[in-house]
Amino acid sequence: MSAKDQAHALPESPGIYMMKNSDDKVIYVGKAKNLRRRVSSYFLPNRDAKTAALVQKIDHIDYIMTGNEYEALVLENNLIKQYKPHYNILLKDGKSYPMIRITGEKYPRVFKTRRIVDDGSTYYGPFAATGDLETFLDLIRQTYPLRLCSGPLERHRSPCLYHHIHKCCAPCIGAVDEKEYKAYIDEIRDLLSGNDMRTRERLEKEMRQDAKELRFEQAARKRDLIKAIDNVGKGQSVEQALSNDSRDYAAVALRGNLCTVAIMQLRDGRLVGKALYRAETMADETEALLSFLIQYYSDGANLPQELYVNQEIDASLISDYFRKELGVPLYIGFPKDGKHYRILRMAEVNAGEDVDKRLGRIDNSPSLERLAELIGLDKAPVYIEGFDIAQLAGKYTTASCIVFRGGNPSVKEYRRFNMKTLDGRIDDFQSMREAVSRRYSRLYNEEKPMPDLIMVDGGKGQVHVAVDELEALGLDYIPVVGLAERNEEIVFPDDRPNLVLDKADPALRILIALRDECHRFATSANQRMRSRDAGFALLRSIDGVGQKRAERIMKECGSIEGVLALDAHDFAKKCSIPLTVAERILHQLAL
């Protein structure tokens, strides 16, 4: 029985399914409310390229029925941990930020780590300000003579070199008692917990005394420690007006099978950490994010009170998981505007940029050679540009121009065009005409290289519009194709019939990736225009912000998200406004 026949024979009940290859290896695990309906969907004729690539590797399908979807979720998570299937999202840390670890030993050690070990140690972070953190740790070592040796503390007859140069208080020879050593650790814990005012005041007092008594080296060391404390705190601060609670923001970005999830953690109104997690998956954004969150929080460590995400995952299902498995109530939100949306947007941008960087490292030479052969080009189209149009009822109409080099996004070369010739009309053909004309007249006038291939999102109409504009500019030698979304058909400007390829074909996958990126960029530009208008109105509603000041803020910061990314001092300096006004604006935006 084929895998497709097995899918159609599955029961219509909740459960998990395990897709296996010819070697009986589990390559994908999924859950479903209805096993037959969910698994059969993989074998539909109009499946996307990613799903088609997975289906090609399926030899047979096993399944386990469960009483409900919640049981399926728990079982799915356990099986993913057990089998580590290649096509499931697995936590691969792409750029996780460091934490500070204080070991649970009698005489604890303090050091930087990126890995949590369940041995009684205490962890602080993660910290985004990595450079300042290094300075912070280095100055802690200079200020507090903690032991630096690794492993269990052993008794020695004589201390190591660090004790002789006053870097270690030598608990190994009993030179310090546990109470005195604990005082050092407690002070460091206060610093890391944000209770640094008392320590800072003590350091300032000692610094002034050292300077008065001409101990300039010691005074400089304390000055640097104070600066490091301030910088680490500044790097963590988002906005003091935020409420004292614990919130996480999780955003997923997906390009093909490459996935990055960005996490931003706020504790007591401070951004205490941010990290990027990379994976490859055959799931969509919603499934990938849900699976990630279950894995990410499954150890029950550092759980937030509130979780805000950029995909509408099954909130009741994951809330049940947190409550039943971890004993923690959790609020899950999908903000579309306001302060939570603005912070979530930062996470979304970070995730998207990371995926774009990863795409840039993929060798697509064979796929480009095949594309050239299929559409009749003399050489592989190393340099491709793509166009798409986005609008909302005739408002905020934008065109995106996406550049692929070597089959990978060249994000720095992306361009967007705000339509100037529509006067509020809805006309995708005219929008395409204007975008193509503006793009290539500029490249022509600046004597810049032309692309090897142009792809437009759409059918014959959009293709002919692009060709007409190129002919008017004397650039009719540039080949143009369209990609009709309904069946992913390649559309030609001449009388050739539309080309329909298997969704897993590497040549088609290049064009689909280009089209999807066009759509994403055009839509995000459209949303930013709406957000900019809304942000401008929001600024104008704040006391002390008039028309010119609002214009200057939006020009310098670009968006409300850009404003919130700054602290009050940087915001005031960047936008040339009084500090009191900057503080008032940040306070109002955070409400």
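**Reading salt bridges and a nonpolar patch**

Modeller: Let's start with E348, which is partly exposed, with a relative accessible area of 26%.

Biologist: What does partly exposed stand for here?

Modeller: Buried means under 20% relative accessible area and exposed means over 50%, with partly exposed in between (1.4 Å probe, protein chains only). Before we go on, this is a predicted model, where local features need pLDDT of at least 70 and side-chain atom pairs count only at pLDDT 80 or more, while totals for chains, interfaces and linings use all residues. Residues are numbered from 1 along each chain as its sequence is written, and side-chain values use heavy atoms, with hydrogens and water left out.

Biologist: Which residue forms a salt bridge with E348?

Modeller: The general idea is a side-chain nitrogen of Lys or Arg within 4 Å of a carboxyl oxygen of Asp or Glu. For E348 the partner is R345, and their closest N and O atoms are 3.4 Å apart. R345 is buried, at 16% relative accessible area.

Biologist: Where do E348 and R345 sit in helix α12?

Modeller: Helices are DSSP runs (H or I, at least four residues), strands are too (E, at least two), and they're numbered from the N terminus. Helix α12 covers residues 338–359; E348 and R345 are 3 residues apart in it, so about one helical turn separates them.

Biologist: Which residue does E434 meet in a salt bridge?

Modeller: That's R438, at 2.8 Å from N to O. They're 4 residues apart in helix α14 (residues 428–445), so again there's about one helical turn between them. E434 is buried at 7% relative accessible area, whereas R438 is partly exposed at 26%.

Biologist: What about R405: which side chain does it meet?

Modeller: R405 pairs with E413, 2.6 Å from N to O. R405 is partly exposed, with 38% relative accessible area, and E413 is also partly exposed, at 24%.

Biologist: How many salt bridges are there by this rule?

Modeller: The count is 26. Some link up: K20, D24 and D62 are joined in a network of salt bridges.

Biologist: Which residues make the nonpolar surface patch?

Modeller: Patches use residues with over 30% relative accessible area and no salt bridge, joining like charges within 9 Å and nonpolar side chains (Val, Leu, Ile, Met, Phe, Trp, Tyr) within 5 Å. Accessible areas come from the Shrake-Rupley method with a 1.4 Å probe; for residues, only the protein chains shown count as cover. Here L148, L161, Y162 and I165 make a nonpolar patch of about 390 Å².

Biologist: Where is I165 found?

Modeller: I165 lies in the loop between α6 (161–164) and α7 (178–192). With 42% relative accessibility, I165 counts as partly exposed.
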